[in-house]
Amino acid sequence: MTQLDDLIAFLAASPSPWHVVSTASDRLMAAGFEPADPSSVWTDVPTRGFVVRGGALIAWSRGAATGPVSPLRLVGVNKARIGVGTAATMLGLAGYYASLDYAKNRPQGRVLGESG
């Protein structure tokens with residue numbers, strides 16, 4: 001599956017922000033991320049984890065060492081950002097398909113007349 005096919009499958013499975021969070025959660029778990037309960041006290045935070053709250057998701061990946069200089073990657077999304085990103089992706093995809101259709105169906109060369 002190409003990256004474009006993967007993106008299209010993701011968007012097809014995600015018609016609303018809540019579906020996006022659900023689909024992203026499934027993909028994160030498949031990639032080895034552990035869900036964390038936002039309402040509990042965190043005594044042992046997973047190295048790679050995520051939290052879901054309604055239509056929002058926060059995921060992180062940190063280095064094995066903990067401390068002020070340890071590497072940390074943090075990604076957060078909410079329904080407003082998901083909507084903007086989805087709309088931008090769909091506009092780009094529509095433009096791609098319009099360009100592809102034009103390239104396949106446009107007349108090639110010049111019109112032949114009596115002079116050749």
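Colleague: In what order do the elements of the chain run from the N terminus on?

Modeller: They run α-α-β-β-β-β-α. That makes three helices and four strands. Keep in mind that this is a predicted model.

Colleague: What makes S1 and S2 a pair?

Modeller: Two strands pair if DSSP finds at least two bridges between them. Strand S1 (residues 34-35) and strand S2 (residues 48-53) have two bridges. Glutamate 34 stands opposite glycine 49 in S2.

Colleague: How do you know that S2 and S3 pair?

Modeller: By the bridges again. S2 and S3 have six bridges, and a pair needs at least two. Here the sense is antiparallel. Valine 51 stands opposite isoleucine 58 in S3.

Colleague: What lies between S2 and S3 in their hairpin?

Modeller: Two residues lie between the strands. Glycine 54 is in the turn, with a positive phi of about 60°.

Colleague: Why is a set of residues called a nonpolar core?

Modeller: The residues must be buried, of a listed type such as Ala, Val, Leu or Phe, and joined through side-chain atoms within 4.5 Å. Buried means under 20% relative accessible area. The largest nonpolar core here has ten residues, among them Phe10, Leu11, Val20, Phe33 and Phe50.

Colleague: What does leucine 11 touch, not counting residues up to four places away in sequence?

Modeller: Leucine 11 touches Thr86, Thr89 and Met90. Contact means heavy atoms within 4.5 Å.

Colleague: Why is tyrosine 96 called partly exposed?

Modeller: Tyrosine 96 has a relative accessible area of 42%. Buried means under 20%, and exposed means over 50%. The value of 42% falls in between, so tyrosine 96 is partly exposed. Tyrosine 96 is found in helix H3.

Colleague: Which residues make the nonpolar surface patch of about 370 Å²?

Modeller: Leu4, Leu7, Tyr96 and Tyr97 make the patch. H1 and helix H3 (79-105) each give two or more of its residues. Patch residues need over 30% relative accessible area. Tyrosine 96, at 42%, therefore passes that cut-off.

Note on methods: Residues are numbered from 1 along each chain as its sequence is written. This is a predicted model: local features need pLDDT of at least 70, side-chain atom pairs count only at pLDDT 80 or more; totals for chains, interfaces and linings use all residues. Side-chain values use heavy atoms; hydrogens and water are left out. Buried means under 20% relative accessible area, exposed over 50%, partly exposed in between (1.4 Å probe, protein chains only). Patches are made of residues with over 30% relative accessible area and no salt bridge: like charges are joined within 9 Å, nonpolar side chains (Val, Leu, Ile, Met, Phe, Trp, Tyr) within 5 Å. Accessible areas come from the Shrake-Rupley method with a 1.4 Å probe; for residues, only the protein chains shown count as cover. A salt bridge is a side-chain nitrogen of Lys or Arg within 4 Å of a carboxyl oxygen of Asp or Glu.
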